[in-house]
Amino acid sequence: MPEYGKGTSAGTAVAELGRADVDDALVRLAGKVLRTPVVRSEQLDAACGARLWLKAENLQHGGSFKVRGALLAVEHLAAAGSRGVVAQSTGNHAIAVALAARAHALPALIVLPDDAPGTKVRRIREAGGHVTFAGTALAERIAVVAELRERHGYDVVDPYNDPRVVAGQGTATAELLSQTAAQGVRLDSVVVPVGGGSALAGSCLAAAGCGTRVMGAEPENVPAFTAAQRAGGPVTVPARHTVADGLRPDRIGDLPYALARPDVTRVLTVGESAITDALQTALWLARLLVEPAAATALAAALVHAREAGAGTDIGVLLTGGNVEPALVARLLAHAAPAGRRPAGGTDAGALSA
C-alpha cells in the first residue's frame, strides 16, 4: 500500500489503491472491530417510499466507524517501530487513534478544536490520549500536529490522507454491501456523510464494480466537497457553525478528493434543521441514537429516496453515535416530528449476516 505523504503523490496513491485494499483491510480487521448490524424500519421505509438499510456504526468500538482506519494505520506504525502517534481530529478519529495506540502501548497526542464536544474529549482521555486544543480551523490543528511531530518524533495518523485509513473506512461500506447481498438485495445507492472525505473515498473503493451508486452528504454550512467540485480541487471554505461537529473540516483531503471525484455520483448539502430532524427520526423510528454527522447522511437519504430514479434499496452509513447528552436532552424535551414517532410496537429490525 502506498505511503502517501512520504514522497508519494495523491495521484500515485489513487492509482495504487483499489477494492483489493478494502478486502485486505477486512481480513486484517477481522475480530478487532464489530461487524455492526444493518437496521431496517418499516415506518421509515413507508415515509420515504424506499427501503433504507442503516449500517449502525454508532454501535462500533469507540462509538464510530473511525476505529477501522485507525487500527490499520496504528498497527502498521507499531510494527515499523513507532515511538508514538499524533493526530488531529474533530473528535471521532481522535478517539479511534487513542484506542488503537493504547492497544499497542503507544503514547497518543491528540489535537482538537477549541470547541470540541465534551463527550468526545472525555472519551479520548479515557482511552489514554493526551489532548491539546488549537483554534477552530483545520489549518490551525495541522500546524500544531507538525509541531508535536517535530518535538516528539512521533508518527502522524492523518484522518484523510492515509491510504490505510481510507481502506479501513471502506470496510464499513463493504460489510453493508455484503450484509444486504446476503438478503438477496443489491443496493441501488449508498449514502455516506462527508467531512474530510475518508468515508466517501473508502465507500467508492468498496463499491467499485458492483453497480451501487455512492452519494455523499455534507452540511450546507461546511460544503467542502461541493466547493472542491466547483473549484476543480480541494479549497478551504468559510466554516460556519454546524450541529454536525464531525463534519466540520473546512477542506476536503487531497487523497479522498482524488479517489472520490471520478466515482461519486452526487453530494447533497443538508441544512441544520434537516440534520436534527433526521437525528430524531433515527431515534424514534429505527431505535438508534446517532450523532448529527450520521444523521446528515440519513437526512440526505430521505431526500434522495423520494426522487425519480432513486431505486428501491438505499444504504445509509450511520457513521457514529458519540452525541452530546445536552443535545439529546433538548430533542427529547420536544415532541417527535409529526407522523414519525411510532404509535407502538416494534418496527425496527437488525440483520447480522
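**Strand β10 and its partners**

A: In this predicted model, β7 and β10 run parallel and are joined by three bridges. One point of contact between them is V191, whose bridge partner in β10 is V316. Strand β10 also pairs with strand β2 (residues 51–56), again in the parallel sense, over six bridges. Here L52 has I314 of β10 as its bridge partner.

How much of β10 is buried? Six of the six residues of this strand, which spans residues 313–318, are buried, so β10 is largely enclosed by the rest of the structure. Buried here means under 20% relative accessible area. In a regular strand the side chains alternate between the two faces of the sheet. In β10, D313, G315 and L317 point one way, while I314, V316 and L318 point the other way. The residues of both sets are buried.

Strand β7 (residues 189–193) runs parallel to β8, and five bridges join the two. Among the paired residues, S189 has R213 in β8 as its bridge partner.

Strand β8 (residues 213–219) is mostly covered, with six of its seven residues buried. It runs parallel to strand β9 (residues 264–270) as well, and six bridges join these two. M215 stands opposite R266 in β9.

An open sheet of four strands has the order β5-β4-β3-β6, with parallel pairing. Its edge strands, β5 (130–133) and β6 (155–156), each pair on one side only. Within that sheet, β3 (residues 85–88) and β4 (residues 108–112) pair in the parallel sense over four bridges, and V85 has A108 in β4 as its bridge partner. Helix α7 (residues 138–152) lies across β3, β4, β5 and β6 and runs at about 170° to β3.

Finally, there is a pocket to note. The second largest pocket holds about 240 Å³ of space. It is lined by 13 residues, and P117, H241, V243, D245 and E324 lie nearest its centre. Helix α14 (residues 325–332) gives the most to this lining, with three residues.

Definitions and conventions:
Residues are numbered from 1 along each chain as its sequence is written. This is a predicted model: local features need pLDDT of at least 70, side-chain atom pairs count only at pLDDT 80 or more; totals for chains, interfaces and linings use all residues. Side-chain values use heavy atoms; hydrogens and water are left out. Two strands pair if DSSP finds at least two bridges between them. Contact means heavy atoms within 4.5 Å. Axes are lines fitted to C-alpha atoms, for helices over the stretch in contact, and angles run from 0 to 180 degrees between N-to-C directions. Buried means under 20% relative accessible area, exposed over 50%, partly exposed in between (1.4 Å probe, protein chains only). On a 1 Å grid over the protein atoms alone, a cavity is a set of points where a 1.4 Å probe fits but cannot get out, and a pocket is an open set with protein on both sides within 12 Å along at least five of seven lines; lining residues have an atom within 4 Å of a point. Grid points are joined across faces, edges and corners, and a volume is the space filled by probe spheres set on the points.
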